[in-house]
Every structure is written in C-alpha cells, then in structure tokens.
Amino acid sequence: MLRVTRAAGRDTVLVHGASGAVGVSLLQQLRLLGARVIGTASERGADVVRRFGGEWVAYGDGLEARVRSLAPSGIDVALDCVGTDEAVDVSLAVVADRDRIVTIAAPARAAEAGFAAVGGAQPASKAFRDSVRQRLIDLAGAGQLEVPVARTFPLAEATAAAELLESGHPGGKLALVP
Ligand SMILES: NC(=O)c1ccc[n+]([C@@H]2O[C@H](COP(=O)([O-])OP(=O)(O)OC[C@H]3O[C@@H](n4cnc5c(N)ncnc54)[C@H](OP(=O)(O)O)[C@@H]3O)[C@@H](O)[C@H]2O)c1
C-alpha cells in the first residue's frame, strides 16, 4: 500500500481501519517515514491509533467533514484497510490524485473508480511482499515494528487457528506455538 501510493514523510495520510492488524503496521511504518497520519477506528480503537502515532478520527456519518477539519490543507494519500463505501467515497473526495489511493478490501470499487487494489494473490504484490518481508522482520527485531498478536494456539490446534483466520477479522496476528 505504501509502495503503490509512493507515501513519503512530507505526506498527510488517511488510514481507514487504523486500529486493525494492517492499520497498526501502516501507522508504525508511516511514523518511521515521518508522515502525518489520520486514522479511522471506532471509539474503542482510539487509544490504539494514538499509541502507534496516528491522530484518531471516528468512522461513520460525517467522516469527510471531520477529516477535512483535521487537515484543512488536504490529504495526500488514502490507505483503505476497510473497504466500505464510506471509506472509498471519503478517499475519493479528499485525495485529488487517484494514483495515491489504494485499498486492500474493495477491489470492485477500485476497478470502477480507477485506483489501486492490492492483495497477496496478485503476482506483483506477492513478489513485493516477499522482497520486503525480511526488512519488516528486522524492524520488529529492532523494536521498531510491533505486531499485535490476537491469540496463540498450540500447534495441534492449527485448524482452529485457520478457521478464526478465515473469519476475516481476527483482530491481530495469530501465532502457532510448538
Ligand atoms: N488484500 C490483502 O492483501 C489483505 C491482507 C490482509 C487483510 N486484508 C483485508 O483487510 C481488511 C483489514 O484486515 P485486518 O486484519 O487489519 O482487520 P482487523 O484487525 O479486524 O481490523 C479492522 C479495522 O477496520 C475497522 N472497522 C471495522 N468495521 C468498520 C467500518 N464499518 N467502517 C470503518 N472501519 C471499520 C476496525 O475498527 P474498530 O475495531 O474500531 O471497529 C479496525 O480498525 C480485512 O477485510 C481483511 O480481509 C486484505
């Protein structure tokens, strides 16, 4: 998401779903770049967004106006980890350049409106992820990238872990423990 939008330290970035597993990784990587980040979540996710360096804004009715009032001079980049029509519509409304909008959860809207959607099943996206995985592991090892673990499972319960993963919103990474 950061690569396809060319996110950089001078940017003001809107992250939809900033308290989730993908969102907190983006927040931390954007903090390392030095970017200003406004992150959406419900009220229960506000502290998580702030802890990882974002400015929290509630999603729901009036989101566009709240975002505009936090960033009157504009949003440069929108990263959508939610995929709702609200997240897509607000991204399209506040970001002038569609090349700087990306989603991981609304591919049909992206195709229709002409912005990027990325996913691990796309060969280019998979190759890029493979190429940066070690860098992310190094950042985690150096204490610069926290990866919240929602739950651990004994290895023998891997099937239950896979079922939770398939549910779509495990609320963090799942770890299998030998
Ligand atoms: N394309 C890919 O490569 C890829 C990779 C990983 C994940 N995904 C997809 O990306 C999405 C996010 O994954 P995740 O693991 O980060 O999920 P997650 O940990 O469950 O986080 C979901 C985030 O979305 C927010 N949210 C929930 N309902 C919302 C709504 N109606 N409007 C706005 N925000 C809402 C949550 O905030 P609250 O908890 O405060 O409501 C939270 O910040 C999922 O759909 C997942 O399937 C795609």
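Analyst: T12 touches R36, I38, A71, G74, I75, D76 and V77 when residues up to four places away in sequence are not counted, a contact being heavy atoms within 4.5 Å. The model is a predicted one, in which local features need pLDDT of at least 70 and side-chain atom pairs count only at pLDDT 80 or more, while totals for chains, interfaces and linings use all residues. Residues are numbered from 1 along each chain as its sequence is written, and side-chain values use heavy atoms, with hydrogens and water left out.

T12 belongs to strand β1, which covers residues 12–16 (helices, H or I and at least four residues, and strands, E and at least two, are DSSP runs numbered from the N terminus). T12 counts as buried because its relative accessibility is 13%; buried means under 20% relative accessible area, exposed over 50% and partly exposed in between, with a 1.4 Å probe and protein chains only.

The loop between α1 (2–5) and β1 holds R6, a residue that is not a glycine and yet has a positive phi of about 55 degrees. R6 has a relative accessibility of 47%, so this residue counts as partly exposed.

V95 is placed in the loop between α5 (85–94) and β5 (101–103), and its C-alpha lies 5.8 Å from that of D76, although the two are 19 residues apart in sequence. V95 counts as buried because its relative accessibility is 4%.

A116 is part of strand β6 (residues 116–117) and, at 29% relative accessibility, counts as partly exposed. Between the C-alpha atoms of A116 and S131 there are 20 Å, with 15 residues of separation in sequence.

L136 is in contact with Q29 and L145 once neighbours within four places in sequence are set aside. The C-alpha atoms of L136 and P154 are separated by 25 Å, and these residues are 18 apart along the chain.

The ligand has 20 residues around it, of which S19, A21, S42, Y59 and R129 come nearest, where near means that a heavy atom lies within 4 Å. By class, this shell has 9 nonpolar, 9 polar and 2 charged residues (Ala, Val, Leu, Ile, Met, Phe, Trp, Tyr, Cys and Pro count as nonpolar, Asp, Glu, Lys and Arg as charged, and the others, Gly among them, as polar). An N or O atom in the side chain of Y59 is 2.6 Å from an oxygen atom of the ligand, and a backbone N or O atom of V118 lies 3.0 Å from a nitrogen atom of the ligand. The protein covers 73% of the 930 Å² of accessible area that the ligand has on its own, with such areas coming from the Shrake-Rupley method with a 1.4 Å probe.

How values were computed
A polar contact is a pair of N or O atoms within 3.5 Å; within protein, one must be able to donate a hydrogen and the other to accept it, and residues adjacent in sequence count only if both atoms are side-chain atoms.
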